[in-house]
Amino acid sequence: MEIALGILLIVLAAVLVVCVLLQSGKDKKLSSTITGSADTFFSKGKSKSKDKMLSTATTILAIVFVVVAFAAVLVITALN
């Protein structure tokens with residue numbers, strides 16, 4: 001049981017890191033204004049929906065990670 005929870009924590013941590021790294025930075029709008037890159041109407045909607053989806057996924061993964069971490073602590077302390 002401990003090994004399964006440990007593997008699950010490692011997988012969740014890796015997925016959480018990837019999910020965070022895929023998100024665009026908050027200063028993206030400022031840099032595009034300075035460089036003059038123009039977004040079309042359709043690309044703006046896609047990027048916002050992608051960012052919203054990644055933000056939601058990150059929040060859910062973080063909550064699941066914390067719950068599994070607490071469960072792992074409870075299991076380890078109960079077995080010892």
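A nonpolar core is a set of buried Ala, Val, Leu, Ile, Met, Phe, Trp, Tyr and Cys residues joined through side-chain atoms within 4.5 Å. The exercises below concern a predicted model.

**Exercise 1.** Determine which residues form the largest nonpolar core, and which elements give two or more residues to this core.

*Solution.* Begin with the members: the largest nonpolar core consists of nine residues, namely Leu 5, Leu 9, Leu 12, Leu 16, Cys 19, Leu 54, Leu 61, Val 68 and Ala 72. Next, assign them to elements, where α1 and α3 (41–79) are those that give two or more residues to this core. Of these, α1 gives the most, with five residues.

**Exercise 2.** Decide whether Thr 58 is buried or exposed, and find its contacts beyond the neighbours within four places in sequence.

*Solution.* First locate Thr 58, which is placed in helix α3. Buried means under 20% relative accessible area, and because the relative accessibility of Thr 58 is 14%, this residue counts as buried. With the neighbours within four places in sequence left aside, Thr 58 is in contact with Leu 16, Cys 19, Val 20 and Gln 23.

**Exercise 3.** Classify Val 11 by its relative accessibility, and identify the surface patch to which Val 11 belongs.

*Solution.* Val 11 is found in helix α1, which spans residues 2–22.

Notes
Residues numbered from 1 in each chain as written. Predicted model: local features only at pLDDT ≥ 70, side-chain atom pairs only at ≥ 80, totals over all residues. Heavy atoms only, no water. Patch = residues over 30% accessible without salt bridge, like charges linked within 9 Å, V, L, I, M, F, W, Y side chains within 5 Å. Areas by Shrake-Rupley, 256 points an atom, 1.4 Å probe, with all protein chains shown as cover. Salt bridge = Lys/Arg side-chain N within 4 Å of Asp/Glu carboxyl O. Helix = DSSP H or I, 4+ residues; strand = E, 2+ residues; numbered from the N terminus. Buried < 20%, exposed > 50% of the residue type's maximum accessible area, 1.4 Å probe, protein only. Contact = heavy atoms within 4.5 Å.
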